Amino acid sequence: MRSLIFVFLLFLVFHVIFAKGSNSDEIRFDQNYKVVWGGNHVLPLNQGKEIQLSLDNSSGSGFGSKMTYGSGFFHMRIKVPGRDSAGVVTAYYLTSQGNKHDELDFEFLGNREGKPYILQTNVFVDGNGNREQRIHLWFDPTLNFHDYKILWNKQQIVFYVDNVPIRVFKNKTNIGVDYPSKPMQIQVSLWHADWATDGGQTKTNWSYQPFKANFQGFDVSGCQTQSSSDQRCVSDNYWWNSQKFWQLDPTKQRQYEIIKQKYTTYDYCTDRKRYPTPPLECPQ
């Protein structure tokens, strides 16, 4: 009898685990997101569990979350445009509203066919950005979906690619560094930018239009709020605020060091032309 009960409990545990993963994949786009612009360039696929954005010389397109969030561990599975994508930007980011906005950016900067994409990240606080970091990815992001995540809690912001940390922005308000605190909406867009490839020297070849990017994973792990002073969003009632996520563990730290050493192509913290004295948040 005890063995039967054990087997039954084991079945329930596995059922809950697999159901949780399945439900995450079953979330439809329109449950948490809405089209923001370029509606005739937005194509739902797989019964709304995948979205394709397109860009041509008439318009790009974009979508955003229905809610705003005060903390969370956000993710999106993305496959960026292939072939010749110079001047094409695929963006996945969090942003608040208004002039002095907070923003956390993933920007995929397209390139000539055969040349690598550049992944640029940026952090804005109160409308001030200029914190660009760029890496070359260790895979071709045009061939398959990959997972891109942003952890945002009171202690740190971490950008992940396939669970590998590629950027960390620590909360250093104790030494006078501003830190994102405004409720932010999730935004995704596909758009044209003259500056995106080789500083604008390489222009878009429109004979390759329409450019297409695909997105999956529309579940959201975030604290819904409209107030910067909502203490719920910094409480450890949310798993991403727990002490485990206050800093990288040793394995993640080693991965992060490898990214900085092998894959980083630009870091504003080491740009002495722009910043003869490194910004306060940078390693001294």
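Start with the lining of the largest cavity, which by class has three nonpolar, two polar and two charged residues. (Ala, Val, Leu, Ile, Met, Phe, Trp, Tyr, Cys and Pro count as nonpolar, Asp, Glu, Lys and Arg as charged, and the others, Gly among them, as polar.) A cavity here is a set of points on a 1 Å grid over the protein atoms alone where a 1.4 Å probe fits but cannot get out, and lining residues have an atom within 4 Å of a point.

Before you click on: this is a predicted model, where local features need pLDDT of at least 70 and side-chain atom pairs count only at 80 or more, while totals for chains, interfaces and linings use all residues. Residues are numbered from 1 along each chain as its sequence is written, and side-chain values use heavy atoms, leaving out hydrogens and water.

Now select L119, T121, Q133, R134, I135, I166 and R167, the residues that line the largest cavity. Colour β8 next: this strand (a DSSP run of E, at least two residues) gives the most to that lining, with three residues. The cavity's volume is about 30 Å³, taken as the space filled by probe spheres set on the points, which are joined across faces, edges and corners.

Next stop: the largest nonpolar core, with 50 residues. Such a core is a set of buried (under 20% relative accessible area, 1.4 Å probe, protein chains only) Ala, Val, Leu, Ile, Met, Phe, Trp, Tyr and Cys residues joined through side-chain atoms within 4.5 Å. Pick F63, M76 and F215, which are among the members touching the most others. Strand β4 (residues 61–79) gives the most to this core, with five residues.

Terms used. Helices (H or I, at least four residues) and strands (E, at least two) are DSSP runs, numbered from the N terminus. On a 1 Å grid over the protein atoms alone, a cavity is a set of points where a 1.4 Å probe fits but cannot get out, and a pocket is an open set with protein on both sides within 12 Å along at least five of seven lines; lining residues have an atom within 4 Å of a point.
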